[in-house]
Amino acid sequence: MQRAGRARVAVDGEVVGEIGPGLCCLVGVTHDDDRDAAVKLASKLWHLRIFADENGHMNRSVADTSGEVLVVSQFTLYGDTRKGRRPSFVAAAAPDDAARLIDELVAELRRLGATVATGAFGADMAVELTNDGPVTLMLEV
């Protein structure tokens, strides 16, 4: 059975990144992240065995399935809501640092062989996701 997963991101009503079956990655960058973290995350995403094999077991990676990857920068993943009613984003990396590391992640995924689409860094993006499964994981490297 062919799976129906897909994702896309639009800015001002115009689609800027779109994939069929594969991974939709909402990526947050924090102060401690560096190029090594971007490279490790790319490898983890490329080789993570979360797609079903012929027996229905999560045993295949995006590399094995010819899936695509959509990378969307998401600083709000580092929103801290422990105090008060408004999230604090002090744990999120500065925009210039985050943009550079998102670019490094995308470049490394492409170097590994992935077909990668992206959002638009810093833009007000509308993300659509058909999460086939659904499987949602939080990865930290």
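The following dialogue goes through the assignments made for a predicted model and the criteria behind them.

Student: Why is Ser-61 called buried?
Tutor: Buried means under 20% relative accessible area, exposed means over 50%, and partly exposed lies in between, with a 1.4 Å probe and protein chains only. Ser-61 has 3% relative accessibility, so it counts as buried. Ser-61 sits in the loop between β5 (58–60) and α2 (62–65), where helices (H or I, at least four residues) and strands (E, at least two) are DSSP runs numbered from the N terminus.

Student: Which residues is Ser-61 in contact with, leaving aside its neighbours within four places in sequence?
Tutor: Contact means heavy atoms within 4.5 Å, and with those neighbours left aside Ser-61 is in contact with Trp-46, His-47, Leu-48, Arg-49 and Phe-51.

Student: What makes the pair Arg-49 and Asn-59 a polar contact?
Tutor: A polar contact is a pair of N or O atoms within 3.5 Å; within protein, one must be able to donate a hydrogen and the other to accept it, and residues adjacent in sequence count only if both atoms are side-chain atoms. The side chains of Arg-49 and Asn-59 make such a contact at 2.6 Å. Arg-49 itself is placed in the loop between α1 (35–47) and β4 (51–52), and, not counting residues up to four places away in sequence, it touches Met-58, Asn-59, Arg-60 and Ser-61.

Student: How do you know that β6 pairs with β7?
Tutor: Two strands pair if DSSP finds at least two bridges between them, and β6 and strand β7 (residues 115–118) have four, in the parallel sense. Within this pairing, Val-69 stands opposite Val-116 in β7. Strand β3 (residues 22–27) is also joined to β6, by six bridges and in parallel, with Gly-22 opposite Glu-68.

Student: What makes β6 mostly covered?
Tutor: Strand β6 spans residues 68–73, and five of its six residues are buried.

Student: Why is Asp-12 called exposed, and why is Ser-66?
Tutor: Asp-12 counts as exposed because its relative accessibility is 78%, and Ser-66 counts as exposed because its value is 67%. Asp-12 is found in the loop between β1 (6–11) and β2 (14–19), and has a positive phi of about 50° although it is not a glycine. Ser-66 lies in the loop between α2 and β6, and its phi is likewise positive, near 60°, in a residue other than glycine.

Student: Is Thr-30 buried or exposed?
Tutor: Thr-30 has a relative accessible area of 16%, and is therefore buried. Thr-30 lies in the loop between β3 and α1, and, apart from its neighbours within four places in sequence, it is in contact with Tyr-78, Ala-91, Ala-92 and Ala-93.

Terms used:
Residues are numbered from 1 along each chain as its sequence is written. This is a predicted model: local features need pLDDT of at least 70, side-chain atom pairs count only at pLDDT 80 or more; totals for chains, interfaces and linings use all residues. Side-chain values use heavy atoms; hydrogens and water are left out.
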